[in-house]
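This report describes strand pairing and salt bridges in one protein model. The sequence and structure are shown first.

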Amino acid sequence: MGAFRSVSFAQIRYSIAEEVKEGTVVGHIAKDLGLDKTTLRDRGYRIVHGSTEPLFQVNQDDGILYVNRKIDREEVCERSKACVIELKTFLENPLEVHYVAVEVLDVNDHAPSFPENEKMLEISESALPGARFQLQAARDADSGLLSFSVEKYKLSHNDHFRLEVKDKGEDGKIPILVLQKSLDREVEISHALLLTALDGGKPPKSGEMRIRVDVLDVNDNTPVFSKDVYSVLLNENAPIGSTVIQVNASDLDDGPNGEVIYSFGNSVNNRLFKLFDINQLTGEIIVKGLIDYEHKDKYEIEIQASDKGLAPLTSEKSVIIKIVDVNDNAPEIEVTSFSSAIAEDSRPGTTVALISVIDSDSGLNGKVTCSIREITPFTLSPSLEENMYSLVTKSLLDREKQAHYDLTIVARDAGKPALSSEKSMSVVVSDVNDNSPEFSRSPYTFYLTENNGPGASIFNVGAIDRDENENAAISFHIGRAGREDDKLVSFLNINSQNGDVSALKSFDFETSKTFNFQVIATDSGRPPLSSNVTVNVCILDQNDNTPVILYPPSTNGTSEGEVEIPRNVHTGHLVTKVRAYDADIGYNGWLLFSLQEVRDHSLFGLDRYTGRIRTLRSFTETDEAQHKLVILVKDNGNVSLSATATVVVKLVEPKDAISASDVKSSATIDNDNNLSFYLIITLGSVSVLFILSIIVLIAMQCSKSTDCSSKFIQEPNYDGTLCHSIQYRSGEKRYMLVGPRMSIGSAIVPGSNGNTLVVPDRRSTSTEVRTLMAMRDYIKVEPWPVSIVPHVYS
């Protein structure tokens, strides 16, 4: 809503006769005010009215003011001479207030009428000429400047009475019967008169009252009041039954002719009978109804004192009662214009609502101040017109901190005691797109087992936006920046709605172990806001590689070799060694050897860890010359994979063996030279491994990165043997994948296939050194020649 722009006071005045038909045009407001009538409907032009059906309405299409319902001037303005109805009109966006005055003109639609159709008067025969007898005035519901009320009276022709008229202003004209000729009861007992009241219409309307005058015997003294003027102050809301004032009158006559009784004069308005009563014997005026200062602040009552003579004599005196205002009306709060929602980026000073306050009391009792009870980013700003306020923002709003405000407007007058009233309002703060999506973690690190099913969801990224509706609707997409990792990222797809990431292909641990990519979250606001997060993916190994037999060599898919040994070898003689490797790591790549098929179990033994075949005893003459050994090589995965090799051992006589050894001596020398070379390389690799491990452990103490490189610390000379290990970190624990014979005083993690050790994290250099020393000792325990071929058991 726009700010409060201007307020115009009553600038236009129209007049219209009462009793006109509904829909009668009063005036062209839009034209007279200079308003563009084509914008009236869009700007919400209307008349502010109370809870009752309004007398006037304005057409929002052409700006014409018309009569909404039939107007009875006597009902609206009662007895006022000028009947002017003030209308308050306003337009929104921007706000303009205009005041329009409509004068309702009286028409002569009521005839005068007397309270009684017949009036009985008793007049003593001793009454002197000039005696005055005030009669009840005729009332005409019409009033106003055109004098359609009672204008004059006429008395029927007679010899004893004439008529005088007393003008009492607001109370109208009072007919007074004046005796102009003494009465003689003996000549005429009663007189019949006809009093006619005429109004000021053309032609005039009239009403009649018959007057019967009974002539009584002598009672020649009238009651006399003790004061010339009676005046009193009376608080409004005075208790019913309380005494206002006491009048007193005396009569010099004796007996019944001197006993005085009191009553209201004939000129007293009927409404006063509902508010006041008089004790006939004591002359006390008593409160009978609710006295309301806001309705009328002054009353003038004619009190009549009469004696009890056969022809009572009366006298009249006015009692003036001034009503004192009491603070009995609480302020009334009215919201004339209200915007229920305001944008959170609204500047301080933005108008939310227009509030007007009315207090019917006067003076300090009607002086009102307004405030907001709660501590809110809103305040009330007084406008140019008295008792009108603008509800405006006083500071910046933030829907994400508070989206709804319940305000209590308190209006308090300056009376003693003060009266107050409250009005509740609810202001909704509407959202603007001022918050970017926020990821639940940054960065993300996911572990994905290789050989995943293509097309299946592999993990999920999530983000929230503190805005609402479209401003909080998030869509996801993968950022592709042309990096080397994007070769793998190109096989990823993300659900733009829920952040589920699926792979279009299976990943192979042996090909790629880690990669990362960017996920971008964008909301649907205008303009949209976005944020990104790095996703690190670690590929976990699966037992998907079958052991490969290196020796004996494979021919047509079958590994088979032949070995000749002399019969005279001793127990424990090394016959040969089966060499194999597995491309997997950890338990999946840890190989065990077993004799699957052998004819004589007492002759040969197989080291299950190294694949060395040795004699268990010396050969005898009865032993067969040829033995077939079938060796099973299997890994230690959850579902083991295996391969078989066949070794045929031939026993030869020592002479043949020596010949054979002579023939192969040169080749053996070459092999020994190669073996020495391999051993030098292996020892160098172990030293490098030891130094790198020290460096890596120090780096782990200084950094706790969540990427895959800090999770996995792989040895530089990984060869697939039992010496191979992988360390990784999860939270505050560090883990190591090792062979079963490594013992470093650590516990095996349940569910880790028996090859994961928890390394106690004591944060001390000595512990790390002891761990590495244990690894080094473990490597040196086995005196195996190590091949330079990766993943080879040798």
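Two strands are taken to pair if DSSP finds at least two bridges between them; strands (E, at least two residues) and helices (H or I, at least four) are DSSP runs, numbered from the N terminus. The model is predicted, so local features need pLDDT of at least 70 and side-chain atom pairs count only at pLDDT 80 or more, while totals for chains, interfaces and linings use all residues. Residues are numbered from 1 along each chain as its sequence is written, and side-chain values use heavy atoms, with hydrogens and water left out.

**Strand E24 and its partners**

Strand E23 (residues 298-307) pairs with E24 in the antiparallel sense over nine bridges, and a hairpin of six residues joins E23 to E24. In this pairing Ala-305 stands opposite Ser-315 of E24. Strand E17 (residues 230-235) pairs with E24 in the parallel sense over six bridges, with Leu-233 opposite Lys-322 of E24. The side chains of E24 (residues 314-324) alternate: Ser-315, Lys-317, Val-319, Ile-321 and Ile-323 point to one face and are buried, where buried means under 20% relative accessible area, exposed over 50% and partly exposed in between (1.4 Å probe, protein chains only).

**A four-stranded sheet**

An open sheet is formed by four strands in the order E25-E27-E30-E29, with antiparallel pairing. Strands E25 (332-338) and E29 (378-382) stand at the edges with a single partner strand each, so one side of each is left without a neighbour in the sheet. Within the sheet, E27 (residues 351-358) and E30 (residues 388-393) pair over five bridges, and Ile-355 stands opposite Tyr-389 in E30.

**Salt bridges**

The whole structure holds 18 salt bridges, each defined as a side-chain nitrogen of Lys or Arg within 4 Å of a carboxyl oxygen of Asp or Glu.

| Asp-61 | Arg-41 | 3.0 Å |

Arg-399 is buried at 10% relative accessible area, whereas Glu-468 is partly exposed at 30%. Both belong to a network of salt bridges that also includes Glu-400 and Asp-431.
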